[in-house]
Amino acid sequence: AAMLNSSNPRERAQAAWVLGEMGERSAVALLRDAAKQTVRRASLGANRAVDLQIAEARVKLGDDEALSEIRTALLPARNEDLEATALAAQIAGDLQDREATNALIGLVEFKDSEGKPMPPEVRLAAVAALAKLGQPKGGAIAVEYTSAAKPEIRSQAVLALGVMRNPEYLPTMEKMLDDPSGQVRAAAAMAILQASDPRSGH
């Protein structure tokens, strides 16, 4: 609770996440109060991330009013909103928010006036969220990004494949165990474990 009032946005976000995981419903009031505060010296993006983590925690504790904030973030109005949109997509999947399905599909399929899609981080977050919602149809998109130049994107892509729990993608994930980036290799190992989970039905 003390960390919710921290001047460090990361500490505030982590505190909110922990409170949500603890399942202590009495923390809802603390989270609502924290949502009214911002860190003055932090960037808009950092404060938006805190707001979304607080909203996620509130929903986990039964305060469904916070869902509207997460759903709104799935509809970015500016480029500056895209980082929050990627986080909101991840949260929507984790919360099993099926009402967010159409918005998530829109993020995957969107093309601007020049035919450019959403940034990889946003598309992959939406693809993974849809898989968690029982619609693992973005495998081809995730496979495409496994060859991205940035290791962060390759990591996110292979983790999205893991969420799909489809043995069809195991060869791709196994190949990434030889990636030059340690971050990607670790992500590939995690993805393979998830894809091989007996609870997946495969």
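Mentor: Let's begin with a definition: helices (H or I, at least four residues) and strands (E, at least two) are DSSP runs, numbered from the N terminus. The model here is predicted, so local features need pLDDT of at least 70 and side-chain atom pairs count only at pLDDT 80 or more, while totals for chains, interfaces and linings use all residues. Residues are numbered from 1 along each chain as its sequence is written, and side-chain values use heavy atoms, with hydrogens and water left out.

Trainee: How many residues of H7 are buried?

Mentor: Buried means under 20% relative accessible area, exposed over 50%, and partly exposed in between (1.4 Å probe, protein chains only). In H7, 10 of the 13 residues are buried, so the helix is mostly covered. Among them are Val-122, Arg-123 and Leu-130. The cover includes helices H5 (82-94), H6 (101-109), H8 (139-145) and H9 (151-164).

Trainee: At what angle do H5 and H7 pack?

Mentor: Axes are lines fitted to C-alpha atoms, for helices over the stretch in contact, and angles run from 0 to 180 degrees between N-to-C directions. Angles under 35 degrees count as roughly parallel, over 145 as roughly antiparallel, 65 to 115 as roughly perpendicular, and the rest as oblique. H5 and H7 pack at about 10°, with axes 8 Å apart, and are therefore roughly parallel to each other. Contact (heavy atoms within 4.5 Å) is made by residues including Leu-82, Ala-86 and Asp-94 of H5 and Glu-121, Ala-125 and Lys-132 of H7.

Trainee: Is Gln-53 buried or exposed?

Mentor: Gln-53, found in helix H3 (residues 44-60), counts as buried because its relative accessibility is 18%. Leaving aside neighbours within four places in sequence, Gln-53 is in contact with Ala-13, Ala-16, Trp-17, Leu-87 and Ile-91.
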